[in-house]
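Work through these exercises with the structure open beside you. Try each task before you read its solution.

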Amino acid sequence: SAQNARPRQHSHHDAAPRRIDKRGGTTPVRRLALVLLLLAGCATQPPPSEYNADAWQQHRRLIAPLDHWRAIAKLGIRSPEKNASARLDWIQRGGDYRIALSGPLGFGSALIEGNAEIAQMQHNGKTLLRSPGALLLQATGVALPVEAWHWWLRGIPMPDEQPIVALATNSLGQATTFIQRGWTLSFSRYKQTALGYLPTKIRGENAALQFKLVVAQWRSPDAP
């Protein structure tokens, strides 16, 4: 009778999981996992390097003549002897510049004013006259390529008898990397500014030193 009917015993065959279609189908879970894997691969792959000669020459012609600008940046330095950072405020007016360095770089603050030939630095209450690179070396103890930064900050090579090598650009002709004067340089995060398209992240590395410049502001030196 119905009252004496015993519950049906389920065999292990009834609880077997659904099998994947032998004809090549996949479950929704597997399809989702495959999509996520493909997306992760796309996200981690760097964009291919390229070189667009015409676009590069056009970009360089636009940026090279810029001689009135101001860059406010964070400077990071890494060497076997020192890891430090500082605030850099660079004002360029024609051939003259004013570079203010401040922060925990290990030397307090320094103000360098001059041109490509000679500069003076105010540091620890003293005024020193030497080349820009020599002054910064004296203040920081690190040989930073400050003369070349006038060009490298803008993502273009320093006019030099030594040609650049390993130049790569993006599709807009903006440099992404090149090697000059023994420094391997990379440029990224280009932004449209009142001065043109300029990089906001510059990295440099040679056998003994690494530096990084992250530009927070590009603007006219006369802007309030």
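**Exercise 1.** How many bridges join strand β1 to strand β13, and in which direction do the two strands run?

Solution. The model is a predicted one. Locate β1 at residues 68-78 and β13 at residues 210-219. Count the bridges: there are 9. The two strands run antiparallel.

**Exercise 2.** Write out the strand order of the open sheet, then find which strands stand at its edges.

Solution. Step one: the sheet holds 11 strands, in the order β6-β5-β4-β3-β2-β1-β13-β12-β9-β8-β7. Step two: the pairing is antiparallel. Step three: look at the ends. β6 (126-130) and β7 (165-169) each have a single partner strand, so one side of each lacks a neighbour in the sheet. Step four: on average, neighbouring strands are turned by 15 degrees against each other, direction ignored.

**Exercise 3.** Which strands does helix α3 lie across?

Solution. Find α3 at residues 132-140. The helix lies across β3 (96-102), β4 (109-114), β5 (119-123) and β6. Its angle to β6 is about 135 degrees.

**Exercise 4.** Is α3 mostly covered or mostly uncovered? What do its buried residues pack against?

Solution. Use the cut-off: buried means under 20% relative accessible area. By that test, 7 of the 9 residues of α3 are buried, and the helix is mostly covered. Among them are Pro132, Leu135, Leu136 and Thr140. The buried residues pack against β3, β4, β5, β6 and α4 (146-152). Finally, step past the helix: Gly141 follows α3, with a positive phi near 80 degrees.

Technical notes: Residues numbered from 1 in each chain as written. Predicted model: local features only at pLDDT ≥ 70, side-chain atom pairs only at ≥ 80, totals over all residues. Heavy atoms only, no water. Pairing = 2+ DSSP bridges. Helix = DSSP H or I, 4+ residues; strand = E, 2+ residues; numbered from the N terminus. Axes fitted to C-alpha atoms, helices over the stretch in contact; angles between N-to-C directions. Contact = heavy atoms within 4.5 Å. Buried < 20%, exposed > 50% of the residue type's maximum accessible area, 1.4 Å probe, protein only.
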